Amino acid sequence: MDKFSILFRTLYRPLCLYAMHYLHGNIEEAEDVVQDCFVKYLNQGAENPKAFLYTLVRNRCVDLLRHRSPVDAQIEPCDLEGVISDVEAQERSFTEARLWTAIDHLPPRQRQVLLMSKRDGLRYIDIAQQLGISPKTVEHLISHALSTLRGKREEILFVLLA
């Protein structure tokens with residue numbers, strides 16, 4: 001695998017999550033920004049690709065937001081808790097990417113039930129009804145998924161960097 005492929009595999013998801021902190025969770029826009037920035041990196045190169053790409057993504061997000069609303073002088077990343085620093089957004093992007101990578105590697109049924117519960121906010125009984133399984137099965141699947149995620153902290157980092 002060439003250097004660019006490794007860089008792309010390592011940074012694409014964290015950069016998208018980072019962009020989402022600026023773009024208020026708009027994944028489509030975040031992916032467009034990150035893809036554009038990787039193209040720019042391919043054309044220009046850089047000694048420190050990670051720093052270069054994070055700077056490009058931040059600047060591109062700020063440009064997009066200023067174009068939409070030129071009145072906003074200060075544009076800062078935020079999450080569910082409110083405004084966060086740019087450094088914190090970068091750090092969280094890696095943590096979030098590791099988590100999503102681990103979720104992607106869960107067995108399909110565990111992943112589906114976990115996302116329905118945690119992301120979509122559905123109750124166990126509602127998940128059970130939608131999937132035609134018992135609430136106890138839902139509870140069991142979520143318990144196993146969370147246990148797997150807790151047990152694979154080190155492996156999650158390895159998968160992300162491999």
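1. Gln 110 is buried, because its relative accessible area of 12% falls under the 20% limit. The structure is a predicted model, and the values in this note should be read accordingly. Gln 110 belongs to helix H5. Leaving out residues up to four places away in sequence, Gln 110 touches Leu 141, His 144, Ala 145 and Thr 148.

2. Helix H5 spans residues 108–118, and its buried residues are Gln 110, Val 113, Leu 114, Leu 115, Met 116 and Ser 117.

3. The largest nonpolar core contains 27 residues. Those with the most contacts inside this core are Leu 11, Leu 15, Leu 23, Val 34, Phe 38, Leu 53 and Val 57. At least two residues of the core come from each of helix H1 (3–22), H2, H3 and H4. Another core, of 16 residues, lies apart from it and has Ile 103, Leu 106, Val 113 and Leu 131 among its members. As a general remark, nonpolar side chains in soluble globular proteins tend to be buried together.

4. When its neighbours within four places in sequence are set aside, Leu 15 is in contact with Val 34, Phe 38, Leu 53, Tyr 54 and Val 57.

5. The aromatic residues form a further topic. There are nine aromatic pairs in the structure. One of them joins Tyr 41 and Phe 52, and it is classed as tilted because the ring centres are 6.1 Å apart and the planes stand at 55°. This pair links distant parts of the chain, with Tyr 41 in helix H2 (residues 27–44) and Phe 52 in helix H3 (residues 49–68), 11 residues apart. Tyr 41 has 14% relative accessibility and therefore counts as buried. Ring pairs also join Phe 4, Phe 8, Tyr 12, Phe 38, Tyr 41 and Phe 52 into a cluster.

6. The count of salt bridges comes to seven. In one of them, the side chains of Glu 29 and Arg 68 meet at 2.1 Å, N to O. Glu 29 lies in helix H2 and Arg 68 in helix H3, so that distant parts of the chain, 39 residues apart, are linked. With a relative accessible area of 47%, Arg 68 is partly exposed.

7. Asp 86 and Arg 58 form another salt bridge, in which the closest N and O atoms are 3.3 Å apart. Since Asp 86 is in helix H4 and Arg 58 in helix H3, the pair ties together parts that are 28 residues apart in sequence. Is Asp 86 buried or exposed? Asp 86 is buried, at a relative accessible area of 18%, whereas Arg 58 counts as partly exposed at 24% relative accessibility.

8. A salt bridge also brings together the side chains of Arg 123 and Asp 126, at 3.1 Å from N to O. Arg 123 is exposed, with a relative accessible area of 54%, while Asp 126 is partly exposed, with a relative accessible area of 23%. In general terms, side chains of opposite charge can pair when their charged atoms come close.

Note on methods:
Residues are numbered from 1 along each chain as its sequence is written. This is a predicted model: local features need pLDDT of at least 70, side-chain atom pairs count only at pLDDT 80 or more; totals for chains, interfaces and linings use all residues. Side-chain values use heavy atoms; hydrogens and water are left out. Buried means under 20% relative accessible area, exposed over 50%, partly exposed in between (1.4 Å probe, protein chains only). Helices (H or I, at least four residues) and strands (E, at least two) are DSSP runs, numbered from the N terminus. Rings of Phe, Tyr and Trp (its six-membered ring) pair if their centres lie within 6.5 Å; planes under 30 degrees apart count as stacked, over 60 as edge-to-face and the rest as tilted. A nonpolar core is a set of buried Ala, Val, Leu, Ile, Met, Phe, Trp, Tyr and Cys residues joined through side-chain atoms within 4.5 Å. Contact means heavy atoms within 4.5 Å. A salt bridge is a side-chain nitrogen of Lys or Arg within 4 Å of a carboxyl oxygen of Asp or Glu.
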